[in-house]
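I opened my notebook to look up a few side chains, and you are welcome to read along. Here is what I went through.

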Amino acid sequence: MDKLAELRAGIDECDAQLVALLAKRNGITEQIGAIKQQTGAPLHAPDREADLLAARRQEAMSQGVNPELVEDILRRMMREAYQNQQGSLACSAPQLSPIVIVGGQGAMGQLFAQQFIRSGYEVRILDKQQQADSEAILAGAKLVLVSVPINALEQVVAALPTLDDECLLVDITSVKQKPLKALMAAHSGPVVGLHPMFGPDISHWVKQTVVVCEGRNHEVAQGLLAQLQVWGCQVVEMDAKKHDEAMQIIQVMRHLTTFVYGQFLAKQSHTLAELRSCSSPIYQLELMMVGRLFAQSPELYSDIMLAQFDDVEALLANYQDTFAQTLEKLKAGDKAALIDAFAEAKAYFSDATAHFLTQSRSLLNKANDAKVLD
């Protein structure tokens, strides 16, 4: 027991040294953030990150330490560093100030307002309470960002006072074709559509994806896109029609499937606690993703599904057919047909399967850790 106590004391000493090193590292990353703010350098430097991870993995292997463990620790420290660097950010497009956020008291509006303010922009809020002063608030605005529900966007944009010709009008809805038409009908100047592929609960913007769909006078939007990249975002430019078609699968069908599965679970005799107590790590993850949807705004997800329902009816029919065909194979006990269907789907994922397997293994380990901590 004396030897065990001695060894545990050694672990405690190592842990204390780790905490001290983390504090030292945090201090250095804060200084780096200050320099990036002064120079306008992007928060995320992917080449530097890749080189750092490769070097530390090599060092770990040479010292008999699991490189996956080292990479996990480093990535977690990087996330913390990015969060620590959010206090003051560089302003890459001062010509876009002042900025007006229509719907700025909503969750996403507040998120954008906070980020623009951190970068030194003058930000004005135009929401329901400020409607009487809309003309004064919009006077001289160089960027107007509309952050309202999809089903309200056309009405809100049509009701805006006339904007200055050089003002950039932007929306952030999850559908792009109809909103862009509405924006261009209401404003004769530059227009661009953004779709942030994240919600208002993010801790930082680094590595967050923002899809950009061209509207009018796209060169004027370049300053905004540069600002997003300074914040560390991955900017993906895409045709509006292609975007909406992709979102029918990525968002509408995914949300619908999760929505239906959540309702199905709610009607079962087993409690959530019972299901979690005997679930594998992968089912823990599935439950987390289902539960995440129901932790969000029901109005938001209803709007997302309804906004493109007419466009996804063919997809839904195809989805139902695929489900029905699979059910028939199961009823018939047709193992060969199930294997063929599996192979067909596997071919679609192709070379990505190995990468997804590695990534998912890391997520599953974390899900299992969380289950143990519960």
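Which residues do ring pairs link into a cluster? I found F112, F116, Y121, F198, W205 and W231 joined in this way. I note here that I am looking at a predicted model.

Next I looked up the aromatic pairs as a group, and the count comes to ten. I picked F116 and W231, an edge-to-face pair with 5.2 Å centre to centre and 65° between the planes. I then checked where the two sit: F116 is in helix α4 (residues 107–118), while W231 is in the loop between α8 (222–230) and β7 (234–237). The pair links distant parts of the chain, 115 residues apart.

Then I turned to Y348 and F349. Their ring centres are 5.4 Å apart and their planes are at 85°, so this pair is edge-to-face. Y348 is exposed because its relative accessible area is 69%, whereas F349, at 40%, is partly exposed.

My last entry is about the surface. Which residues make a nonpolar surface patch of about 240 Å²? I noted V65, L69 and I73. I located V65 in the loop between α2 (46–62) and α3 (67–84). Why does V65 count as partly exposed? Its relative accessibility is 35%, and partly exposed covers the range between under 20% (buried) and over 50% (exposed).

Definitions and conventions:
Residues numbered from 1 in each chain as written. Predicted model: local features only at pLDDT ≥ 70, side-chain atom pairs only at ≥ 80, totals over all residues. Heavy atoms only, no water. Patch = residues over 30% accessible without salt bridge, like charges linked within 9 Å, V, L, I, M, F, W, Y side chains within 5 Å. Areas by Shrake-Rupley, 256 points an atom, 1.4 Å probe, with all protein chains shown as cover. Salt bridge = Lys/Arg side-chain N within 4 Å of Asp/Glu carboxyl O. Helix = DSSP H or I, 4+ residues; strand = E, 2+ residues; numbered from the N terminus. Buried < 20%, exposed > 50% of the residue type's maximum accessible area, 1.4 Å probe, protein only. Phe/Tyr/Trp six-rings, centres within 6.5 Å; stacked < 30°, edge-to-face > 60°.
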